[in-house]
Each structure stands twice: as C-alpha cells, then as structure tokens.
Amino acid sequence: MKAFDFASPVSEAGVVGLLSGEPGQTEILAGGTDLVPLMKKMLATPDRVVNIMEVASLRGVSADSLAVTIGATTTLDDVLGAPELDDYPAIKQAIGGINAMQLQGQGTIGGELCQRPRCWYFRNGYGLLANRGRLVVEGDNRYHAIFANDGPAKFVHPSRIAPALIALGATLRVVGPGPQDEVLLPVAEFFRAPRHEGQRENVLAPNQLLTHILLPTADGVANATYEVRHGEGPDYPLASAAVALQMSGGIVTGANVVLGHVAPTPWISHEAAQAVLGWPVNTQTARVAGEAAVARATPLKDNEYKVQLASVAVERALLLAAGLPLEGF
Amino acid sequence: MIAYSWPKFGEASVIGKEHDRIDGLEKATGAAKYTYDVNPKGMLFAKILGCPHAHCKIKSIDISSAEKMRGVHSVLAIKKEGDEIRWQGDEIAVVAAETEAGASEALKLIDVEYDLLEVFVADDDLEAAEKAKRTQGAGEDIKVEDEPEDNVDEDEFNVAELERQFKEAAAVVEGYYGVPVITHMCLEPHGSTCYWDGDKLIAYLSTQNVSGTAAQFAAPLEITASDVTVKCDFIGGGFGSKFAPDSWGVLCAQLAKKTDRPVKLMLDRDQELKVAGNRPSGFIKVKIGADKEGLVTCWDSVHWGTAGAKPGGVSKQVVPYVLVPKNYRRKQVSIITDTGPDRAWRAPNHPQACALSQTALDDIAAKLGLDSYDVFMTNLVNATPKKGDASMAETYREQMELAAKLIDWKAKWHLHGKGQAKGDVVTGLGMALHTWGGGPFKGSCLVKVHPDGAVETYLGSQDLGTGTRTVIASVIAETFGLPLSTVKVNIGSSAYPEANPSGGSITVGSVCETSRRASQEALDKIFELAAKKLEVEADKLEAKEGRIQVVGDPKKSLTWQQACRLLGMNALEVTGKFDPATVRNSPLSSSQVGGVQMAEVAVDRRTGVVKMKKFVAVQDMGLVINPKTAKSQMYGAVIMGIAYALFEERIMDTKTGTFINAELADYKLPRLGDVGDIVVEIWQPESEYQRGVVGLGEPPVISPGAAISNAVCNALGVRVPVLPLTPKRVLDAIKKGGKA
C-alpha cells in the first residue's frame, strides 16, 4: 500500500473540495470493502483518501409520498432493515444475496454502485481493459460479458443492486466539482463501458460525489431480483435479473427488465420487457421473456453457459415478482 | 518390563468420551497466539517481490532505489542475472521495513528486467502437452491374472490377454475424468517471525513440523540445530504444505540477523497460493470392462497431470483406486508446466485417484442399469488393502451397510437419470470408498509428576487441528486416573523431546504411543512407592478417580497427592519412547483404515447449480481417544471434500501463465449453507478398539470427489467429467449429453 493523506470532512462541499480532478489522485472511502483491497494490491494508489463516513447528510433512508431517498453511505444492512423499502423487494433480495454480514454491515449502497469490476485481468494488474480486451478474448472468460462485448471492455459490471435500481426507475444525486454543482441523473445513465484505459465504468468525474439514491414510489409495482449463484457464499452471481412490473387485471401493462453480470454495464432488456407486455405472468410467458432477453447474446469462448443462466434469471425474476413458485432453486 | 496396553473395551474413564478441546476457549476467544500474532518489540516487516511472469530469465535486478526508501532497513536480491524463473510468484527479492505497507511500497521500487520465455500452463490436454514437448513418461504397468505358457513372450501375452478380457466383458465403458490443481488455502499463510538472542535463533514458524525444522533453518544459516528454537503454539492450517521453513523462513532469519531486529515475514494471500504448494492435477482416459453383475474384470488407463515445473502427479500405484481388477494396464504421464511446485495435500494421491477411478466404476453401474451400491458391493472382492492379515472387504461391507442405512439408500435410489424431477430439480445418490495408513511415527514424550501431584508433559509435536493437546491430556489422565483438566500439556517447541511431524495422519498414533508409555512407566514407579506405604504388592494397585488403590478395595488407598508426596523433594521425570522400526505389533496402535461415504445431491438442470442435501461418512480409526475431536476431523475433511468437488480450482491464464484467481475473493470455497446435512459416523466395533489407535486426519477427505460426482451423474443421467462440478461444467455436460 502506498502512503497517503487521509481526510475526513463533515460536509458534502468539504468532500468535493478535497477531491482532485486528476483520475486516481484522490479516492473516496466509504465502507472500504473494495477500496482497501485495491490499495493493498496497489491497483489504487491515491495521494489522498477522502473518508465520507463522517458526512451526516449522506446517511439514512427517508420517505415522503413521492419518493424514498437513500443516502450513499447507508450501509447495506441498514437498507435491508429499512421499513421504507419494504415495497422494493428487488433491492432487498439483491442485498440479501450478498450472504456476508461483514460486507452488508460495512459496505454502503453508494459503494456498492461504485465498486470496481471483479475481472481477474483487472485485479491482476493488466488494466481494466486488459490489453484492449485481447487478454480476455484469448484467455479465461468464463465470468465475462455475453452482451456488449465487442468493444475493448469485456468485464461485467459488479453491482448487484444497480439492475433493481434501474428497473425501479431510480435517480442518483451527484454533487461537484464546484461546491454548488448538483445534478440528478437516472441510474441507467450512470454506467458506461469505458473505451480507453484509465476511464472508469461510470460517468462520475474524479471530483464528483454520489450523494443519494432517489426511488419513485413503488406503489403497485411488482418487483424482484433473481440471482444465479454458484453457492451460498459472498461470491458475485453468475447472472442476475431484476424486474419491475405494472399490472392491471392480471396483465402486464408496464415492464422493466434489467440483467446484471452479463455486460460491462447493467443490461436493460427491452426485448424481454416487450415479450411480457400485454400478457399475464406465468411459466410460459416468463420463459418466452427469458429467451427474448438472450436472443442477441454474443458469448465468448468460455461463457456460452451464461446465456442460459441469464435467460433463466429473467424467467425466475418474473415469476418471483408475480408471486409464483419457482421450479428451480 | 511394563505391559503397555489400553484399558479393556468399555472400561476406560477418560478416553472414548467426548471432551471439548482443552485449548478451545483460547482459540475461540482469540487468546491463542498464532505465528501471525507474534509481534516482538521493535519488529520489522518483510515482504517478498514475486516474479510477475511465469517463465522468463532475469536480465537485471536493481535494488538501489528500494534501499534508499525511508523506513527500509534491508533489501536482498534473491535471484541474480541469468536465473530462469519457472512459475509466477517465484521469489525475486525481499525487503524489511518499519511498516508492512512500507515494505510493499519498497517492492515497487525494485527494478527488474526480464527476458520473457514461452509459457505453458495447460495440464488438461495431453495431446497439446505432447505437441509442446511438455510431457514426461512416468511409467506403465500391466498385470493379468493368467500366466503365459513357458514359450510365450510375457508382454505380448499380457496385452493379448487384456484385449481378450475386454472382448468377453458384458459391458465396456470408456470414460474421461479429471481433477484440476487446487491449493491448500491455509487460513494462516506460510511464514515466520524470527529474532536472534546473540547467536541463537528463535523462530516462530507456522509449521506442522516443530521438531523437524530447526535443522532445516540451521544448515543454510551455517549454524547448528542446537542454536535454533522453533516455536509454534497454534497453526492456522497446513494440510501437508508446512513441513519446512522454506526459503522465506531462512530469509526472515537472515534479515533479522542483518538488521538486528525481530522480523516478520508472512506470505501475502496470492503468494501463498502461487508458491507455497498445491495438489497436483489428474486427468484420465480409461476403458473398463465388467461382467453382467458389474464386477470389473479389466482396466486400461492413461492418466496425466501436473506437479509444476518438475515431473510428478497422481501416482499410478493408486490407480485404479482400492478396488483393483484382476487385469489392468495403467500408464502415467507427467506434464511439465510453468506453475508453482506441488506439495503434499491431505492424503496425497488418494483423493484424485479415487475421483478418477470410482467414477468409472459408477459409470459401469449406469451402463448396466444396476444399483451403484450393488456394483460397489460386488467389486469388494477386489479390495486391495489389508488390515493386518485380513482383507478390508469385510470392513467395507459393514461400513457400506451402515452408511446406506444412514442415508436411506434403498428408499432413495433410482437408476441413473431416471429420478422423478421436481420442476427443474433432480436428485441423486452416489458413493465412494477409501483407505489410508495412519500408523505412528517415532518420538519421545516427557512426563513430569511433581510431589504435589501436578502433572505436566512435554513433547515437540503440534496441533494441526487434531486436538493434539486434548488427546495427550486424555491419555495421561486415563493412565493416572485423574480428570482431564489436571494435565498440563506443553507442545509446539523444538526444545521439547523430539516428536512427530503432523503428516500422514500420524499425530494421534504417535503421541498416544509415547504419552501412554511415559505415563504407564511413571505410574509404575508411583505404584512401587505406594505399595510400600500400603504394604501390598505393586501389581495389586490401580489408579482410579484420583486415588491409588488396591484393586477392588478403595479403602486401602492413597489419594493421588498422598502418593505423589512419596516422591520426596523432586519431581518424577519419565521419557516415553516409541519407534515403529523397533517395535512390531504395538498393542497401543495400528495402521490402515477404511471409510465409506455416500452423497445425496439436488441439481437444478437449468442453472447447473448443485446443492448438497446429505452426506454420510462412515470411518474406522481403531481405538478412538476423543470422539468429539475425531468427528471434528471428519466434518472438516468432508467440507474440504465438498470444496474440491463443487467449488475450488486453480485457474491459470494460458497466455500469460498468471494464476488469475489467486485471491480469496476469486478462489471459490463453500460456505456452511453449501455443505448440506453432514452425518459422520465412527465405526468402532470391539475389534477396532483392540487394534489400538490409528490416525484419521486425512482419509475422510478422499471420497467426496467421487461420491459427489457419482451422485450428480445419478441425478442427471449424464457424467460431468471434471471436478469441480460448477454450473458451467454441469450445463456444458448436459448440452453434450455426456459425450466428452
């Protein structure tokens, strides 16, 4: 680990003021469950670490009649326990899937969205794009992307919660770089596939801070997350899907379907959403939607199996949201 | 002459009873100090620079910038210009600095230039390895039941005879099976904390070989073994990988000498996995033939695998495993790869051999449409190991019957792939069986009885997880008729009487031999003194419930303390010795065990996820000292078996030779929720008790690979040929319909 300065401001403006505009020069510390290992491996070598856990405005869950607001440093455990979020099982199921009380207790929801990819070429020091994707294509890509993998980025985005937030139509509040600067952007627009080494996998500038997540009311929105997990450990899912459905008379009148761990960003499947629109959710329609979700998948040499997993994840997320029994685990 | 013996069956008061570990509280509360916890005042931290490349030559090393860094006390180049590196992570240089982070930062300042060489790390494809000229023959055996006539060439006859057997077989199965390299993944990595007291080295070493490592430090440091004290009170896992100080232990001692400060050098997690040992891989192509009952009559196999940059792999001596047909040919090939060197891993060779052989046997059952249980039973006539003069077949038969009852085999069994699916989920049963030695090693044990009745004991053994302290205390307490808590056990120092390394499941047998002998000899002396006092013959006395008394007459007795006071001013010291080379057929210990394991799994056919429902492990181990710690060993072994059956593998990038999952975040292991309901059953009829003590640390880890693979095959009707049975492998196998 490289020696660094440590700052612990108590206000959002204080945080922004301590962040550098140069990529990598400063890093934001929340729960630290990802940053600290990256620093120990010298994959992150900031001159200054800015701890945001002392900023009171960033913490907690609140609700009014229109929206639920979650502060970025709210721990995953606190999100799980928040009664304001009882109508958002898609979020709670995703956090529940982490299966590690250490990560849930220490990790924050903002950190969960901003964590770096698990791609083993990145984690072994070959860069996020691993020689413009060549190492991944020729190497072991069993856990890599099956969508949007024609560019240099082949990793899968690691966030387990982002698909649910996107499906639920959540918005992010971002401040900086100026002390008065503030923007709201849909979660779907937060993520991007980097084109060049050094670019990050989201649109935050190095001196911007994600402060809050705003969820529209989920009244009457059936929602769920289903993850295909190898085991019960804290390991990331092999594929996942989150769905949010508006129903009328047993018929789907509005649908968002978002897949996780299949592309360099959370993957919005309009095809799957289209497939269930105007239909009731049952085993047949769910299966058709799952198949539609992966119709345009482009697996790499080792991850053909993920196509089926992604399809099953969509299918089972739909059944789960509709309160129907699953036929598998 | 003392007749060494154990209490009669059913008459022991301490041994054979369930006892908590006497050091359990220390371990549970964190009071126990592991090597990683030893932090002498003024200690420096050392870190090793590992080579980032798998195969290269060193062009130059420049340590000068690192030496100049603030807080750095010493930098040593380990390799020199021209040295060839054969695996990623090999040690290039080492730094000692004031802080751990500083040592890591200094490593980045070491400037090394490498000439990259061609990398080869793939061990699963024999043809590719042959093409790359990375194979080395490791021998071939052929054995047939019939004898050739005098005038017939034996080799030609054997080959023809094997061919004839295959032609006459009712069923022939050709299979491909594999087990990739896995690592030991000791929770506490390899390493030491060393300091010097003048010319004497004190090394706190994470080791399973306290008595054997002092000399290994001494030679490279050019001092004598008497100048070295190795200490290890607690070890966070070894599994066969921690018998030596290793180069990094010696470096730690050298840095401590050079800086005149205590130095700690523990490997980082990725280094631990890359350089500190692994279990060799095994892959096999096999053809087996059987009669219509499923009795295997002939076997023809070639298996290969890698032990790293040197020849090695799964020994052909144990392929086919345990159930060896009368006619067989087996060929072993080593694949030389640019990967870290192997080390002994819990029951070396056996887990792979079992997973490569007993899967094939199960495929015979599938092919003939027979119950796997019946086919295993039929093949017990070919059980090779012996217990003394007896065949193991009878042991296995009884253990199979017990295991089948515990898992309810008969009610749950269905033919391969013919079970009733519940939605996307199918269930299946599988079994396997194994053997191991586990006889004792030579050593000594000092027992000290003080005039106030205090009892302590010293021996240079260690607790690898066996509950060594508790075992020793149990034996001595049993002998003296005292409660377990009264015996103070001292292990974990090379200054104590020489004792066993903890490998080969020899610990319990070894420490029981020496501690029983020492305590029986000590008791004999105490009986002599007490006999005079009580005015009876010494051979009429017994030690029971804290008293030395006349057998059957507790009124004529002394308390233990009264008896010990007869020792006078000084403590009684007795050293018990044992050497299997000179003591044949010891009444206290034995060797050779058997075990039968059965698995019940559920498989989601659409995600390929395998879940353990139930796992039954039946195991013999002769006389059981402490059933509680014995069962702990079995639980641990079964969980470790589930790990390599369903989760863990070393993954090498074929292009760069990088071990890409060398972190706990990426190296998959099961959690409690993944292991299902585990039932462990100690098989100890009186005949087992009479055999004396046999070790069991390793055997229960052997069968899970084959048993779980067989259960998954039974569920799906398709063999998933290579472990671990990940969703990817399961779905790929279903897609191929069982074709390799």
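Trainee: What should I know before reading residue names and features here?
Mentor: Residues are numbered from 1 along each chain as its sequence is written, and chains are lettered from A and ligands numbered from 1 in the order in which they are written. This is a predicted model, in which local features need pLDDT of at least 70 and side-chain atom pairs count only at pLDDT 80 or more, while totals for chains, interfaces and linings use all residues.

Trainee: Changing topic, in what order do the strands of the open sheet in chain A run?
Mentor: The order is E9-E10-E11-E12, with antiparallel pairing. Two strands pair if DSSP finds at least two bridges between them. The edge strands are E9 (221-228) and E12 (267-268) of chain A, and each pairs on one side only.

Trainee: How many bridges join E9(A) and E10?
Mentor: They pair over 8 bridges. In one of them, Ala224(A) has Val243(A) of E10(A) as its bridge partner.

Trainee: Which strands does helix H12 of chain A lie across?
Mentor: H12 (residues 305-321) lies across E9, E10 and E11 (251-260) of chain A, at about 145° to E9(A). Axes are lines fitted to C-alpha atoms, for helices over the stretch in contact, and angles run from 0 to 180 degrees between N-to-C directions.

Trainee: Which residues touch the most other members of the largest nonpolar core?
Mentor: Among them are Val243(A), Ala313(A) and Val712(B), in a core of 265 residues. H12(A) gives the most to this core, with 12 residues. A nonpolar core is a set of buried Ala, Val, Leu, Ile, Met, Phe, Trp, Tyr and Cys residues joined through C-beta atoms within 7 Å.

Trainee: And Val375(B): why does it count as buried?
Mentor: Val375(B) counts as buried because it has 23 C-beta neighbours inside 10 Å. A residue is buried if 20 or more other C-beta atoms lie within 10 Å of its own, exposed if 12 or fewer, and partly exposed in between, with C-beta atoms placed from the backbone.

Trainee: Where does Val375(B) sit?
Mentor: Val375(B) is in helix H10 (residues 372-378) of chain B.

Definitions and conventions. Helices (H or I, at least four residues) and strands (E, at least two) are DSSP runs, numbered from the N terminus. Two residues are in contact if their C-beta atoms, placed from the backbone, lie within 7 Å.
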